Amino acid sequence: MTASQRYDRIAFVASAGTEAQAALAQLVALYGNHDPDDADVVVALGGDGLMLQTLHRHMRTGKPIYGMHRGTVGFLMNEYSTHDLRARLSAARESVIHPLLMRATDVHGGIHIHHAINEVALFRQTYQAARLRILIDEHERMPELIADGILVATPAGSTAYNLSVQGPILPINAALLALTPISAFRPRRWRGALLPNTAYVTIEVLEGEKRPVAAVADHDEVRDVRRVEVLSDKTIAMRMLFDPGHSLEERILREQFGY
């Protein structure tokens, strides 16, 4: 949808790179720099890594986030320009995304709760493949998956790690999650599943002592997990702003057609 309000008070954040820091100095000189708590919008200068950090930091505030590419990978970012930024912000289109909530139980019974914007992934920790049992809405769907791991991806994260392991690209507004294996050995031809975003996904680690597994929610890692539960957290809605014609919906469509 189109962002309708004016964005007069801008908070700028930037990665540590030379380009991002130079852009920060330019934009602050032109537009000032408000504290994020008092700002109407947060403008992130860097790459997708900074965008994910910024979304995590402001996850519960409801503040819109607008990124400009001054980093390495910029799929989630708009083009960089210092010209008439407030007009660009007012004309931007808004995409609302919901994070995943991960609840991981480790070998000692410890509970670890983290959010993920892109994906929750499980990985083998040693040379031995992981053995995993998959339940959807508390019903067993796969008694044993032998693989390097598995991930649950949101539509926003479907073009990230999920795509690199041959997972499907999901339209940003699709009410779906992608469940994608990582280098599956058995069943060898299983390519994963598309799940409704209301699904409650449980992954149990079999032979965890012999085949230890780590769980990662974006950048938060838990080692030696025994059970990981994942669901879409509808209580949190994050607002991302994109220039007209360059919305996240449009970018994901372009990825599906290879350009």
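Buried means under 20% relative accessible area, exposed over 50%, and partly exposed in between, with a 1.4 Å probe and protein chains only. The model is predicted, so local features need pLDDT of at least 70 and side-chain atom pairs count only at pLDDT 80 or more, while totals for chains, interfaces and linings use all residues. Residues are numbered from 1 along each chain as its sequence is written, and side-chain values use heavy atoms, with hydrogens and water left out.

**Stop 1: helix 5**

Select residues 248–256, which form helix 5. Helices (H or I, at least four residues) and strands (E, at least two) are DSSP runs, numbered from the N terminus. Leu 248, Arg 251 and Ile 252 are buried in helix 5. These residues lie on the same side of helix 5, because they cover an arc of only 95° around the axis; the arc is that of the directions from the helix axis to the C-beta atoms. An α-helix has 3.6 residues a turn, so residues three or four places apart point the same way. The buried residues of helix 5 pack against strand 4 and strand 16, where contact means heavy atoms within 4.5 Å.

**Stop 2: strand 16**

Next, select residues 238–242, which are strand 16. Four of the five residues of strand 16 are buried, so this strand is largely enclosed by the rest of the structure. Two strands pair if DSSP finds at least two bridges between them. Strand 16 pairs with strand 3 (residues 64–69) in the parallel sense over three bridges; here Ile 65 has Met 240 as its bridge partner. With strand 4, strand 16 pairs in the antiparallel sense over five bridges, and Met 238 is the bridge partner of Ile 97.

**Stop 3: the largest cavity**

Now select Leu 55, His 58, Met 59, Gly 62, Lys 63, Ile 65, Ala 237, Met 238 and Arg 239, which line the largest cavity. On a 1 Å grid over the protein atoms alone, a cavity is a set of points where a 1.4 Å probe fits but cannot get out, a pocket is an open set with protein on both sides within 12 Å along at least five of seven lines, and lining residues have an atom within 4 Å of a point. The largest cavity holds about 40 Å³ of space; a volume is the space filled by probe spheres set on the points, which are joined across faces, edges and corners.

**Stop 4: the largest pocket**

The largest pocket has a volume of about 200 Å³. Select His 98, Pro 155, Ile 172, Ala 174 and Asn 197, the closest to its centre of the 16 residues that line this pocket. Strand 4 (93–97) and strand 10 (176–186) are the elements that give two or more residues to the lining.

**Stop 5: strand 13**

Move to residues 213–217, strand 13; five of the five residues are buried, so this strand is largely enclosed by the rest of the structure. Val 213, Ala 215 and Ala 217 are on one side, and Ala 214 and Val 216 on the other. Strand 7 (residues 119–124) pairs with strand 13 in the antiparallel sense over five bridges, and Leu 122 stands opposite Ala 215. Strand 13 also forms a hairpin with strand 14, with two residues between them, and Asp 218 in the turn has a positive phi of about 55°.

**Stop 6: a loop**

Finally, select Arg 186 and Pro 187, which are joined by a cis peptide bond with omega of about -15°. Pro 187 is in the loop between strand 10 and strand 11 (193–196).
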